[in-house]
Amino acid sequence: DAEASGKVCTRFDLEKETELRFEVEAGDGSEQVELELITGLAEVFGSELNRNKKYTFGPGSKIAVFTWQGCTVNLYGKPEVAYVSKDTPMLLYLNTHAALEQMRKQAERDNERGPRVMVVGPTDVGKSTVCRLLLSYAVRVGRRPTLVELDVGQSGVSVPGTVSALCIERPADVEEGFSVQAPLVYHFGSTTPGTNIKLYNKLTSCLAEVFSQRCEVNRKASVGGCIINTCGWVKGSGYQALVHCASTFQVDVVLVLDHERLYNELKRDLPHFVRVVLLPKSGGVVERSKECRRETRDEKIREYFYGFRGLSFFPFSFEVRFSDVRIYKIGAPSIPDSCLPLGMSQDDTQLKLVPVTPGRDLTYHVLSVSSVDDGDEDARKSIVESPVCGFIVVTHVDTQTQVMKVLSPAPRPLPRHTLLIMDIRFMDMK
Ligand code: ADP
């Protein structure tokens, strides 16, 4: 039936413990490659493939089909590259999963909490992929681990510029990744932690606290533990943010991907009971250009509003009067210590809500809709540390009539009137 679909079919026979790597050309959205398992068993980043089912991968996909036992697969279409590799770190990753599973078993026995794991390393070493693998393996053996997403540049859970937590209840979908139902999402507002490291650390602590509270009331969540995905920024304040994360989450295990210096530094700086493990990266991980990263971010926002292949959403466009909302930016530009008002520290300025007067430069900005309204002073204080309930994009601003047009996943009216502005912009090309 390869001919029926008019696509070239290529067959690959994989020996045990090897993987087929392929990439689909990035671009305007026309390229697609289908994958079908014909015989044997195989998995994609920890999720098992069904036999004789065609999985479709769109532009820019970089996929590895790994087999423990050996298998035959077909590819339909023209991948940009496709080759089989015998050299993969999968066995080491599986052993890591086995070690974590031992810790969960022990936690169960001793009425303790399960492993809290932080995955670190520079960009493009496969951190997100390792997280996905470990989470999928864990649910496959009946665990309920939590994914903590701290990568504000390339979030696997929500739009860029956010940090979040998600309870994982089933393995990642081969094509779409983890099903994102009811994640807990916080507004950060930019794609790099460096723009406001105080806020970044604050939000990390918020997530840690919420997770710990959940563990207290939910035994399965506690035993399942968490897997924390981090940013690729591993120097200076980025490194400090990792140390902060390890301490606020009280992590037990740190997996360092492909970075010996980082491994040594963390071993030196973290308490001795934290197990720091150096793991190689997979040769299959492809370095992504800045442009590619930007495209992925854009795609993530588009997905939020329009859905993806299997599931289309129909967003709403409506007008919002300036007087009906209050827009804030988190963090005032820093000023020299000597100029700060008495009793105020730099921390205060970075976590401060600064009112934004709507103007034309608001156009295309992504805004988070806070779950809290700024009714009184106390409420206002809690906005920075409260989750958001969704996102809108400003598509047009009319300063004359004091009205802006927004793209929203839900119809009018907005559920809350406190909006937080992101540095991130989205131009809707549909
Ligand atoms: P990081 O989180 O460190 O930035 P990712 O986990 O997002 O890196 O991996 C970067 C890209 O490489 C992703 O598109 C992923 O699908 C791809 N990738 C990861 N592992 C492999 C592999 N073994 N073979 C082919 N592609 C891979």
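## Exercises on a predicted model

The largest cavity has a volume of about 60 Å³. A cavity here is a set of points, on a 1 Å grid over the protein atoms alone, where a 1.4 Å probe fits but cannot get out. Grid points are joined across faces, edges and corners, and the volume is the space filled by probe spheres set on the points.

The model is predicted: local features need pLDDT of at least 70, side-chain atom pairs count only at pLDDT 80 or more, and totals for chains, interfaces and linings use all residues. Residues are numbered from 1 along each chain as its sequence is written, and side-chain values use heavy atoms, with hydrogens and water left out. The average pLDDT (the predictor's confidence in each residue, from 0 to 100) is 93 for the protein, and 97% of the residues score at least 70. The scores of the model are ipTM 0.98 and pTM 0.94.

**Exercise 1. The cavity**

Find which residues line the largest cavity and how the residues of its lining divide into nonpolar, polar and charged.

Step 1. The count of cavities of 30 Å³ or more is 1.

Step 2. A lining residue has an atom within 4 Å of a cavity point. The lining consists of L150, P193, Y200, T230, C231, W233, G238, A241, L242 and C245.

Step 3. Helix 5 (residues 236-248) supplies the largest share of this lining, with 4 residues. Helices (H or I, at least four residues) and strands (E, at least two) are DSSP runs, numbered from the N terminus.

Step 4. Ala, Val, Leu, Ile, Met, Phe, Trp, Tyr, Cys and Pro count as nonpolar, Asp, Glu, Lys and Arg as charged, and the others, Gly among them, as polar. The lining then has 8 nonpolar residues, 2 polar and no charged.

**Exercise 2. The cysteines**

Step 1. A disulfide is a pair of cysteine sulfur atoms within 2.5 Å. By this rule there are 0 disulfides.

Step 2. C231 is in no disulfide either, as the nearest cysteine sulfur, that of C245, is 10 Å away.

Step 3. Buried means under 20% relative accessible area, exposed over 50%, and partly exposed in between (1.4 Å probe, protein chains only). C131 is buried, at 2%, and C231 is buried, at 8%.

**Exercise 3. Backbone geometry**

Is N111 buried or exposed, and where does P413 lie?

Step 1. N111 is not a glycine, yet has a positive phi of about 55°. N111 belongs to the loop between helix 1 (90-110) and strand 10 (116-120), and counts as exposed at 60% relative accessibility.

Step 2. D124, also a residue other than glycine, has a positive phi near 55°. The loop between strand 10 and helix 2 (127-140) contains D124, which is buried at a relative accessible area of 7%.

Step 3. R412 and P413 are joined by a cis peptide bond, with omega about 0°. P413 lies in the loop between strand 24 (403-408) and strand 25 (418-425).

**Exercise 4. A residue of helix 2**

How far apart in space are S128 and L91?

Step 1. S128 is in helix 2 and is partly exposed, with a relative accessible area of 40%.

Step 2. S128 and L91 are 18 Å apart, C-alpha to C-alpha, and 37 residues apart in sequence.

Terms used
1 Å grid on protein atoms, 1.4 Å probe; cavity = no way out; pocket = protein on both sides within 12 Å on 5 of 7 lines; lining within 4 Å.
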